[in-house]
Amino acid sequence: MDNEMMSRSARREQHDKTPQMQSGGQPPKKPRRRRKWWRWLIALILLLAIIVGVVFATILGNVHQSVNKMYRSADVTKARNVTDVLKAGKPFSMLVLGTDTGALKRDRTGLTDSMMLITVNPKTKTTTMMSIPRDIMVAIAGAESTFPQKLNAAFPIAGVGATLTTLQNYLNVPIDFYVLVNMGGLEKLIDQVGGVQVVSPLTFTYTPEADTTPETFKFFKGKSQFEYAKDGKNFKSYTTMNGNAALSFSRMRYDDPQGDYGRQLRQRLVLQALLKKSASVSTLLNDKFMASIATNVETDMTYSDMMNLAKKYMPATKNQVSDHMQGVGDMYAGVSYQMVPLAEKQRVTDKLRQSLALSAKKTGTQFGSAVPALGYGIAERNLGVIDETLDPQ
């Protein structure tokens with residue numbers, strides 16, 4: 001049918017279906033009314049971005065508040081400018097102290113029964129955990145007149161700064177930060193991340209509070225599976241430790257063939273598992289998790305320090321090296337101490353300094369600070385246990 005025989009309406013319909021060409025041979029632009037759909041989509045995306053931004057800022061604000069609650073200065077002059085260390089992305093060290101306040105319903109406070117010197121190296125992507133014997137005989141920095149003392153007594157006697165300084169002098173390794181953890185609060189932190197899985201290095205049965213409750217745990221060598229009975233009789237199997245189980249696993253001491261050193265190993269295993277679970281953005285931005293930390297952790301890290309850690313050091317927590325400083329048992333005046341031989345101290349100093357990318361240096365002082373004149377005889381007597389003599393004071 002030619003154009004002349006077509007009705008006007010038919011020609012109009014054909015015209016509408018046929019693409020019209022603009023000058024230059026380009027198809028015509030779509031009618032302006034069809035752009036509205038894209039405008040609404042862009043507006044929606046912008047609105048969602050604003051909402052997400054506000055929520056994220058609110059969460060970060062809550063994190064900032066939690067960090068502010070945790071902050072406590074060590075009141076000591078650090079061996080180096082730690083803020084510059086983090087800004088430059090260099091390896092740093094952190095002294096982790098665990099108090100027994102509230103742990104397993106105990107009411108004794110003050111002593112730091114768990115001590116770990118941790119180094120984090122972003123270049124090698126390695127975190128090194130070095131357990132420190134709590135019973136090392138020391139002269140507490142700033143409280144030398146109380147010699148002899150155990151290292152774990154430095155905190156209640158002279159504060160966290162004295163603990164940090166004494167250990168720093170003892171090993172000749174810079175300590176950049178400290179973290180003081182309430183071991184009772186550690187139970188809450190583990191619950192907040194949904195529990196942890198830990199492979200036990202030995203088989204043992206443990207009743208945390210035998211004098212008040214029959215609840216009992218059974219752990220098995222080489223397995224993450226363990227058993228628990230609230231009544232001490234009807235046991236059920238589990239593979240994930242909640243806070244109560246993890247704390248019980250890490251606190252047992254007297255049935256371990258390695259004594260306190262075995263307990264230190266189990267504490268490191270729990271801490272390693274907790275680091276793996278908590279080192280994620282979803283956990284760090286969890287309001288309840290941060291609230292638990294704020295009430296159970298004290299540190300001299302600032303909010304800015306922590307943000308730098310999150311940006312530059314997270315990958316280093318994936319590779320973990322576990323070690324401990326080995327001492328020799330010593331009894332003095334009815335009290336049990338640990339004396340660490342020079343060779344072992346030097347080994348630990350070398351390993352920690354290397355992990356911090358620092359040059360090798362001689363290990364630190366024999367007792368962490370100067371021994372008072374009245375204590376020379378005591379020092380000589382206890383150094384004899386490891387075949388050493390007192391250095392000039």
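Student: In which sense do strand β8 (residues 216–219) and strand β9 (residues 226–229) pair, and over how many bridges?

Tutor: They pair in the antiparallel sense, over 4 bridges. The model is predicted, so local features need pLDDT of at least 70 and side-chain atom pairs count only at pLDDT 80 or more, while totals for chains, interfaces and linings use all residues. Residues are numbered from 1 along each chain as its sequence is written, and side-chain values use heavy atoms, with hydrogens and water left out. Helices (H or I, at least four residues) and strands (E, at least two) are DSSP runs numbered from the N terminus, and two strands count as paired if DSSP finds at least two bridges between them.

Within this pair, F219 has F226 of β9 as its bridge partner, and F217 stands opposite Y228 in β9. The hairpin of β8 and β9 has 6 residues between the strands, and G222 there takes a positive phi near 75 degrees.

On to β10: β9 and β10 run antiparallel and are joined by 3 bridges. E227 has S237 in β10 as its bridge partner. These two strands also form a hairpin with 6 residues between them, and G232 in its turn has a positive phi of about 80 degrees.

Taken together, the strands belong to an open sheet of 4 strands, in the order β7-β8-β9-β10, with antiparallel pairing. At its edges stand β7 (204–206) and β10 (236–238); each has a single partner strand, so one side of each is left without a neighbour in the sheet. From one strand to the next, the twist averages 25 degrees (axes are lines fitted to C-alpha atoms, for helices over the stretch in contact, and angles run from 0 to 180 degrees between N-to-C directions).

Helix α7 (residues 243–251) packs on this sheet and touches β7, β8 and β9, its direction making about 70 degrees with that of β8 (contact means heavy atoms within 4.5 Å). Because 9 of the 9 residues of α7 are buried, the helix is largely enclosed by the rest of the structure (buried is under 20% relative accessible area, exposed over 50%, partly exposed in between, with a 1.4 Å probe and protein chains only). N242 caps the N-terminal end of α7, with a side-chain oxygen 3.2 Å from the backbone nitrogen of N244.

S250 is found in helix α7 and, at 2% relative accessibility, counts as buried. Its side chain reaches the backbone oxygen of L247 at 3.1 Å. Not counting residues up to four places away in sequence, S250 touches R263, R266, Q267 and V270.

Now the wider context. The largest nonpolar core has 48 residues, of which F92, M94, I118, L186 and M241 touch the most other members (such a core is a set of buried Ala, Val, Leu, Ile, Met, Phe, Trp, Tyr and Cys residues joined through side-chain atoms within 4.5 Å). A second, separate core of 28 residues includes M115, I132, L167 and V340.

There is also an open sheet of 6 strands with mixed pairing, in the order β11-β6-β1-β2-β3-β12. Its edge strands, β11 (297–299) and β12 (319–324), each pair on one side only. Strand β1 (residues 92–99) pairs with strand β6 (residues 177–182) in the parallel sense over 6 bridges, and G98 stands opposite V181 in β6. Helix α5 (residues 160–171) lies across β1, β2 (112–121) and β6, running at about 125 degrees to β1.

Over the protein chain, the secondary structure comes to 13 helices and 14 strands. Of its 393 residues, 46% are buried. The chain averages a pLDDT of 82, with 77% of the residues scoring at least 70 (pLDDT is the predictor's confidence in each residue, from 0 to 100). pLDDT stays under 50 over residues 1–31, for which the model has 12 contacts beyond four places in sequence. It also stays under 50 over residues 54–59, with 2 such contacts. Where pLDDT is low, the predicted coordinates should not be read in detail.

Methods: Polar contact = N/O pair within 3.5 Å; in protein donor to acceptor, adjacent residues only side chain to side chain.
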